[in-house]
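Hi,

Here is the model I promised to pass along. Have a look at it first, and then read on for what turned up when I went through it.

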Amino acid sequence: MSDLSQIVKAYDVRGTVPQQWDEGVAAALGSAFAQMLDATGDAGKAVLIGHDMRASGPALADAFAAGVRAEGRAVIEIGLASTDMIYYASGSLDLPGAMFTASHNPAQYNGIKMCHAGARPVGQDTGLAEVRERAQALLDKGEPVGEPTAPVHRQDLLADYAAHLRTLVDLSGIRPLTVVVDAGNGMAGHTVPSVLGDAALAALPLRIVPMYFELDGTFPNHEANPLDPANLVDLQRAVVAHGADIGLAFDGDADRCFVIDERGEPVSPSAITALVAARELAKHPGSTVIHNLITSQAVPEIIREHGGQPVVARVGHSFIKAEMARTNAIFGGEHSAHYYFRDFWFADTGMLAAMHTLAALGEQPQPLSVLAAEYERYVASGEINSTVTDQAAKVAEVRAAYPDAEVDELDGLTLRFPDGAWFNLRASNTEPLLRLNVEAPTAQRMTSLRDDVLDRVRR
């Protein structure tokens with residue numbers, strides 16, 4: 001008997017295959033997903049299903065589809081896809097969807113990211129808890145789901161997805177750029193050629209240098225997790241070796257994009273958030289832009305300087321998307337390199353963020369390092385994890401150590417100091433970890449504050 005509380009997380013399904021879940025669990029989840037949709041306004045609509053390059057993906061997706069079809073709902077299989085392709089399909093066709101991916105996790109993992117019609121998120125408070133409960137009840141009975149009765153259709157949406165993105169950012173008039181792309185053997189190897197190369201190449205002044213474009217869910221070169229600096233090393237070397245203007249690194253399901261400048265140095269996701277925000281505000285003056293509370297303080301400053309309204313949100317795509325829908329925000333960005341666009345149904349797409357960055361670089365003569373410096377004003381630590389058994393007690397202890405700091409508890413503990421330094425300490429949703437992010441006006445101040453907080457967390 002499977003305990004779904006171990007794999008149904010705050011925003012998605014994620015676990016090892018077959019240890020934590022298999023085709024039987026996938027079928028129960030598909031049946032439960034269809035039942036949940038019946039109760040939440042998407043009654044009668046077909047369900048879109050896609051999967052990434054992991055070996056377990058096709059069988060899990062087929063089993064999930066059988067569960068959906070057993071509830072009388074048709075299925076549209078789009079096959080190999082990036083997560084933002086599912087969002088495109090859900091938004092453009094106004095259908096609910098399920099994407100089989102474990103994003104940046106190692107090869108033995110797989111998962112499901114679900115959405116309502118219009119790419120609206122399915123999280124714990126928007127249907128996922130109900131899916132877990134219904135699926136758990138089915139599994140506890142020990143009976144297989146019913147026979148699939150509704151039809152299944154297959155549709156290739158890659159060309160439509162690529163064409164839509166090119167309507168949102170015009171790259172045809174920029175200066176020629178050499179772009180090294182590290183797909184990490186993930187889904188960017190499937191989508192980048194259609195969006196930026198091959199058929200599009202005649203119209204775009206881009207020379208794409210591909211790295212690890214072969215789809216391989218065993219990740220033979222490095223993990224498809226660009227948040228870990230070790231996984232950027234190959235790209236950094238290649239950018240310098242090719243004399244490239246920019247490097248782009250995507251995670252496994254290609255919904256996140258990290259940027260490397262011409263020197264081989266990473267450009268912070270906060271700088272990309274500020275850069276894209278400025279571009280979107282130029283088109284839509286006075287609009288709201290969402291950022292999570294761990295992005296650099298430079299982000300709200302730059303949003304205001306460009307006439308926008310910054311709104312801070314908790315970390316996590318369901319919180320960002322909910323806040324964007326509430327405020328009709330034009331754009332949203334996170335420190336983890338998730339970027340959300342109103343023009344993309346408030347969903348996140350690493351590819352569109354990459355295109356905005358290419359456009360910004362190609363519309364002016366300076367190298368990326370100079371351009372990015374306009375948006376990087378402070379020194380950040382990056383996210384540092386510490387294993388802590390009693391997270392709440394440790395956070396309280398840290399808070400008591402800085403009685404004069406300004407306190408914010410929107411998401412974990414954020415303490416701000418008069419000199420502009422701040423840190424955020426928050427518990428992981430899934431592991432016994434505390435995550436620390438520190439930022440300060442100078443490297444010396446950042447290092448001092450970081451080390452002091454870490455000493456208190458780990459002692």
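A word on terms before the numbers: I call a residue buried when its relative accessible area is under 20%, exposed when it is over 50%, and partly exposed in between (1.4 Å probe, protein chains only). On that scale, 58% of the 459 residues of the protein chain count as buried.

Two notes on where this comes from. This is a predicted model, so local features need pLDDT of at least 70 and side-chain atom pairs count only at pLDDT 80 or more, while totals for chains, interfaces and linings use all residues. Residues are numbered from 1 along each chain as its sequence is written, and side-chain values use heavy atoms, with hydrogens and water left out.

**The chain as a whole**

The protein chain has 14 helices and 22 strands; these are DSSP runs numbered from the N terminus, with helices being H or I of at least four residues and strands E of at least two. Its radius of gyration is 22 Å, close to the 23 Å that the globule rule gives for 459 residues, so the chain is as compact as a globular protein of that length. (The radius is taken over C-alpha atoms, and the rule is 2.2 Å times the number of residues to the power 0.38.) The C-alpha trace spans about 65 × 60 × 45 Å along its principal axes.

For contacts I use heavy atoms within 4.5 Å. Of the contacts in the protein chain with a separation of 6 or more, 70% are between residues 24 or more positions apart.

The accessible surface comes to about 17400 Å², and carbon and sulfur atoms own 50% of that. Those areas are from the Shrake-Rupley method with a 1.4 Å probe, and for residues only the protein chains shown count as cover. As for charge, there are 36 positive and 59 negative side chains, and the centres of the two sets lie 3 Å apart. Lys and Arg count as positive and Asp and Glu as negative, with His and the chain ends not counted; each charge is placed at NZ of Lys, CZ of Arg, CG of Asp or CD of Glu.

Which backbone oxygens does the side chain of Arg-54 reach? One belongs to Pro-106, at 2.8 Å, and another to Tyr-109, at 3.0 Å. Both are polar contacts, meaning a pair of N or O atoms within 3.5 Å; within protein, one must be able to donate a hydrogen and the other to accept it, and residues adjacent in sequence count only if both atoms are side-chain atoms. Arg-54 sits in the loop between strand 2 (47-51) and helix 2 (57-70), and counts as buried because its relative accessibility is 2%. Not counting residues up to four places away in sequence, Arg-54 touches, among others, Ser-103, His-104, Asn-105, Gly-217 and Phe-219.

Ser-103 deserves a look too: its phi is near 55 degrees, a positive value in a residue other than glycine. Ser-103 lies in the loop between strand 4 (97-100) and strand 5 (109-115) and is buried at 4% relative accessibility.

Ala-337 is in the loop between strand 14 (331-333) and strand 15 (339-341), and at 0% relative accessibility counts as buried. Then there is a cis peptide bond joining Val-17 and Pro-18, with omega about 5 degrees; Pro-18 is in the loop between strand 1 (13-16) and helix 1 (23-38).

Asn-231 is in the loop between strand 8 (206-211) and helix 7 (233-241), and is buried at 8% relative accessibility. The side chain of Asn-231 reaches the backbone oxygen of Asn-225 at 2.9 Å. Leaving out residues up to four places away, Asn-231 touches Asp-182, His-222, Glu-223 and Asn-225.

Beyond neighbours within four places in sequence, its contacts are Gly-286, Ser-287, Val-289, Ile-303, His-306 and Gly-308.

Glu-406, by contrast, counts as exposed at 52%. Glu-406 is in strand 19 (406-408) and, aside from neighbours within four places, is in contact with Thr-414, Leu-415 and Arg-416. From Glu-406 to Pro-144 is 262 residues in sequence and 55 Å in space, C-alpha to C-alpha.

Cheers
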